[in-house]
Amino acid sequence: MFKAWPMESVETEFRRLKILQYLATATGYEAAASILRMQCCRIGVPTTLDQVVAAMGWLAEQDLTTSRTYNNEPISRITAKGREVALGSSSYPGVMRPDP
């Protein structure tokens, strides 16, 4: 039997994917939380700063990104593993797979 996928989980996994995809193309492969929030909102993923910071923390815990702080703003930088997930070369539980 088909079980519904909770919308919150879909949004969270999609947000993580879009953050990785943005970082994979960003100058220096890194961006601040405020930039990532604007990017998510720009592509139609309603996102609060708290949601971005939580996603950044989760991605760093999974070694898909590294994180640092500059002027009290969290900054994420994509890792090689995160780039593979962003491009669809590999998959990771908790991150939506990109379309083919």
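Reader: Hello! In the hairpin formed by β2 and β3, which residue in the turn has a positive phi?
Author: Welcome! This is a predicted model, where local features need pLDDT of at least 70 and side-chain atom pairs pLDDT 80 or more, while totals for chains, interfaces and linings use all residues. Residues are numbered from 1 along each chain as its sequence is written, and side-chain values use heavy atoms, without hydrogens or water. Two residues lie between the strands (DSSP E runs of at least two; helices are H or I runs of at least four, all numbered from the N terminus), and the one in the turn with a positive phi, about 50 degrees, is N71.

Reader: How many bridges join β2 to β3?
Author: Let's start with examples: T66 has R77 of β3 as its bridge partner, and T65 stands opposite I78 in β3. The two strands run antiparallel, and the number of bridges joining them is six.

Reader: Which buried residues does α3 have?
Author: Buried means under 20% relative accessible area (1.4 Å probe, protein chains only). Helix α3 covers residues 49-61, and what covers its buried residues includes α1, β1, α2, β2 and β3. The buried residues themselves are V52, A55, M56, W58, L59 and A60.

Reader: Are the rings of W58 and Y92 stacked or edge-to-face?
Author: Ring centres must lie within 6.5 Å to pair, and planes over 60 degrees apart count as edge-to-face, under 30 as stacked and the rest as tilted. By this rule there is one aromatic pair. Its centres are 6.1 Å apart and its planes stand at 80 degrees, so the pair formed by W58 and Y92 is edge-to-face.

Reader: Which residue has its charged end over the ring of W58?
Author: A charge sits over a ring if NZ of Lys or CZ of Arg is within 6 Å of the centre and within 35 degrees of the ring normal. Here the charged end is 3.7 Å from the ring centre of W58, and the residue is R16.

Terms used. Phe/Tyr/Trp six-rings, centres within 6.5 Å; stacked < 30°, edge-to-face > 60°. Buried < 20%, exposed > 50% of the residue type's maximum accessible area, 1.4 Å probe, protein only. Contact = heavy atoms within 4.5 Å. Pairing = 2+ DSSP bridges.
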